[in-house]
Amino acid sequence: MAPQAASPVDDRLYQRLVDLLSAGRPDPGPGHTELRPAVEQALHHEARLLDDRCYRDWLERFTDDCVYWVPLDPDGDPRGQVSYLLDDRRRMEDRIGLLETGWAHAQEPPSRTCRIVSNTEAWPLDGGETLARCSTVVWEHRKDRLTPFASRNDYVFASLGDEWSIRFKIVRLVDSRGDVRKFSFVL
């Protein structure tokens with residue numbers, strides 16, 4: 001039997017995601033004001049790419065070892081709890097590919113979205129990474145219905161500036177434990 005390739009999603013990675021969300025972690029204090037402009041620029045650019053459905057350009061802003069996680073439990077652990085989404089890069093490529101085919105029935109007609117990003121804070125991490133947090137509301141219009149999706153988002157940026165890139169994106173829906181309307185677009 002041929003050896004299997006190592007998965008980029010392993011226990012260390014899951015633990016890092018849990019540590020980012022841990023309710024018991026110490027408050028990092030106020031965000032670093034010098035990081036905020038670059039983080040806001042990256043977050044606003046990401047919002048525009050998604051609202052304009054430029055999914056390939058959006059996907060190119062993620063590192064090869066990225067994780068995009070939408071937990072069911074905002075303080076959850078992906079190793080033992082169900083998530084709305086827990087995608088590595090390969091799975092993100094599959095999801096974008098499906099949206100591009102026009103065969104995603106839940107996106108016929110396609111959603112129109114408008115994202116509002118606010119309350120941005122940022123802190124430096126080891127290795128040159130940046131932790132960023134923001135509040136986001138995604139307004140989705142589809143089939144004559146306007147639906148808000150409010151969330152608190154956590155990002156780990158591998159780089160900032162013109163060539164910003166995301167290593168982790170965690171979307172904690174405010175009503176994740178409630179009756180969340182199906183979302184078939186990218187939060």
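The structure is a predicted model, in which local features need pLDDT of at least 70 and side-chain atom pairs count only at pLDDT 80 or more, while totals for chains, interfaces and linings use all residues. Residues are numbered from 1 along each chain as its sequence is written, and side-chain values use heavy atoms, with hydrogens and water left out.

The secondary structure of the protein chain consists of four helices and six strands. Here helices (H or I, at least four residues) and strands (E, at least two) are DSSP runs, numbered from the N terminus. Along the sequence they follow the pattern α-α-α-β-β-α-β-β-β-β. Of the 187 residues in the protein chain, 44% are buried; buried means under 20% relative accessible area, exposed over 50%, and partly exposed in between, with a 1.4 Å probe and protein chains only. A contact requires heavy atoms within 4.5 Å. Among contacts in the protein chain between residues at least 6 apart in sequence, 63% join residues at least 24 apart.

The six strands form an open sheet in the order β2-β1-β6-β5-β4-β3, with mixed pairing. Because β2 (83–88) and β3 stand at the edges with a single partner strand each, one side of each is left without a neighbour in the sheet. Neighbouring strands of this sheet are turned by 15° against each other on average, direction ignored. Two strands count as paired if DSSP finds at least two bridges between them. β3 and β4 run antiparallel and are joined by eleven bridges; Ile 116, for example, has Val 137 in β4 as its bridge partner. β5 and β6 are also antiparallel, paired over eight bridges, and Tyr 155 stands opposite Lys 169 in β6. The hairpin of β5 and β6 has five residues between the strands, and in this hairpin Gly 161 takes a positive phi near 85°. By contrast, β1 and β6 run parallel and are joined by four bridges; Trp 69 stands opposite Ile 170 in β6. β6 is mostly covered, as nine of its nine residues are buried.

Which strands does α2 touch as it packs on the sheet? Helix α2 touches β3, β4, β5 and β6, and its direction makes about 160° with that of β3; axes are lines fitted to C-alpha atoms, for helices over the stretch in contact, and angles run from 0 to 180 degrees between N-to-C directions. Helix α2 (residues 36–51) has 16 residues and reaches 22 Å from its first C-alpha to its last, close to the 22 Å expected at 1.5 Å a residue, where the expected span is 1.5 Å times one less than the number of residues. Its buried residues include Val 39, Leu 43, His 45 and Leu 50. The buried residues of α2 pack against α3 (55–59) as well as against β3, β4, β5 and β6. Just after α2, Arg 53 takes a positive phi of about 60°. Another helix, α4 (residues 89–101), lies across β1 (62–71) and β2, running at about 110° to β2.

Finally, Ala 158 is found in strand β5. Ala 158 is partly exposed, with a relative accessible area of 22%. Not counting residues up to four places away in sequence, Ala 158 touches Thr 63, Gly 128, Glu 129, Ser 165 and Arg 167. Ala 158 and Gly 128 are 30 residues apart in sequence, yet 7.1 Å apart in space, C-alpha to C-alpha.
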